[in-house]
Amino acid sequence: MDTAAPGAIYRADPPGGLVVVPLDAFTAVYHRRSGMTHLLTEPAPQILAILGDAGLSLDALLDRLADDYDLADATASALAARLDELVAAGLVATS
Amino acid sequence: MRHAFALRIGPIGFRIGSDWRAPIDQLRSLYRDYPAPQDGVADYTVRLFARRPWRRWLRPSVEIGGDYMLPEAAPLPLRHGLLAAEMAMNLQMALGARRHLLLHASAVERDGRAVLMTGVSGAGKSTLATLLAVRGWRFMGDEFALLDPATGLLHAFPRLISLKNAAILAAEAAWPDARMGPLMAATPKGNIRHMVPDARAIAAMDQPAAPALLLFPRYGDAAAVRQVPPAEAFVRMTQASTNYVALGEPGFTAMTRLIADVPAVAIDYPDGASGVAQVEALCAAL
């Protein structure tokens with residue numbers, strides 16, 4: 001899947017749309033809208049939590065993650081790759 | 001249908017109808033100690049029927065059907081009618097169950113605590129369950145275990161034990177007094193003989209048990225024990241469930257609760273006696 005256009009806004013389901021159960025290094029996520037179960041590793045659950053509150057651009061999301069978590073090696077391209085995976089999984093939408 | 005029989009296995013009621021008498025007579029005999037469905041209403045209806053009317057007599061060939069169908073299911077010769085009935089009952093359960101999270105697993109219970117065993121065909125989940133029953137564990141089933149999403153308790157489903165090939169002789173040696181069905185040679189699954197679970201398993205089949213151990217046995221290698229991390233156990237158990245997706249969120253909640261509450265262990269075992277000793281040691285340490 002191609003990376004979204006520059007300036008695209010990423011959105012996830014609001015908090016009630018997901019059931020999130022940490023297991024170990026993996027977190028089990030039940031997506032109520034699709035009825036699908038996903039097993040995610042960091043930082044995907046954190047991304048979903050942030051994007052569930054409000055849609056953000058890639059750069060704004062990177063700033064939020066940097067504020068909330070210790071992201072020593074986070075880059076926009078790495079984050080874009082994670083977002084592409086979440087879009088492909090149906091957990092994140094772009095506009 | 002011309003011939004019919006109804007019974008209950010654990011919480012599940014079945015009605016089996018057949019164009020032929022023989023499979024019904026065999027079921028009636030083997031399941032003679034089982035109760036009728038609750039309030040006389042079966043959860044699943046299974047039909048054994050002839051594809052064409054004349055096939056009731058001419059090279060009789062049993063098609064299986066019910067509320068849920070697999071169109072590619074091959075008909076079986078009438079001499080394998082009991083196998084067809086058991087396969088059809090499994091199929092209706094696997095595709096239709098909604099009240100419980102259905103786990104393709106064997107289960108045994110002692111002191112109210114259940115050990116759930118699941119694995120690929122040949123891993124020995126049936127063999128271990130029957131050997132543990134010889135040691136005094138209550139046999140809850142060797143095909144399906146039913147997890148109640150509301151309570152987290154495991155319900156027994158002690159249907160006939162389907163013994164295959166070498167397991168037939170082993171079971172006859174372990175349970176010399178057990179009642180057995182006819183030997184069905186050269187079925188699509190090899191030689192098959194059904195064994196009636198012991199009287200205690202049938203008498204106690206309405207008693208649920210709390211799952212205490214998730215066990216992933218593997219037969220063949222030297223004895224070894226490995227703790228299974230929760231995410232791996234979650235994946236293995238969802239793969240072992242035939243209706244996890246169909247249950248939706250209640251299935252997710254029941255499964256994550258099971259994984260959170262119950263330790264998961266994988267064992268390698270070289271023979272039945274070693275496997276039994278490993279399971280009992282693991283349970284003693286819980």
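# Exercises on a predicted two-chain model

Between chain A and chain B about 930 Å² of area is buried, with carbon and sulfur atoms giving 72% of it; buried area is the accessible area (1.4 Å probe) that two parts lose on being put together, summed over both. This is a predicted model, in which local features need pLDDT of at least 70 and side-chain atom pairs count only at pLDDT 80 or more, while totals for chains, interfaces and linings use all residues. Residues are numbered from 1 along each chain as its sequence is written, chains are lettered from A in the order in which they are written, and side-chain values use heavy atoms, with hydrogens and water left out.

**Exercise 1.** Describe the interface of chain A and chain B from the side of chain A.

Step 1. Eleven residues of chain A are in contact with eleven of chain B, where contact means heavy atoms within 4.5 Å.

Step 2. The count of salt bridges between the two chains is one. Arg32(A) pairs with Glu249(B), and their closest N and O atoms are 2.5 Å apart. The rule asks for a side-chain nitrogen of Lys or Arg within 4 Å of a carboxyl oxygen of Asp or Glu.

Step 3. At least two residues each of the side of chain A that touches chain B come from β2 (18-22), β3 (27-31) and β4 (36-40) of chain A. The largest share, three residues, is that of β3(A). Strands are DSSP runs (E, at least two residues) and helices likewise (H or I, at least four), numbered from the N terminus.

Step 4. Sorted by class, this side has eight nonpolar, one polar and two charged residues. Ala, Val, Leu, Ile, Met, Phe, Trp, Tyr, Cys and Pro count as nonpolar, Asp, Glu, Lys and Arg as charged, and the others, Gly among them, as polar.

**Exercise 2.** Which residues does the salt bridge of Arg82(A) join, and how far apart are the closest N and O atoms?

Step 1. The partner of Arg82(A) is Glu85(A), with the closest N and O atoms 2.7 Å apart.

Step 2. Arg82(A) and Glu85(A) are separated by about one helical turn because they are three residues apart in helix α3 (residues 76-88) of chain A.

Step 3. Side chains of opposite charge can pair when their charged atoms come close.

Step 4. Over all chains, the whole structure holds 18 salt bridges.

**Exercise 3.** Find the backbone features at Pro43(A) and Asp111(B).

Step 1. Most residues other than glycine have a negative phi, and most peptide bonds are trans.

Step 2. From Glu42(A) to Pro43(A) the peptide bond is cis, with omega near 5°. Pro43(A) sits in the loop between β4 and α1 (44-53) of chain A.

Step 3. Asp111(B) is not a glycine, yet has a positive phi of about 55°. Asp111(B) belongs to the loop between β7 (106-110) and β8 (113-117) of chain B.
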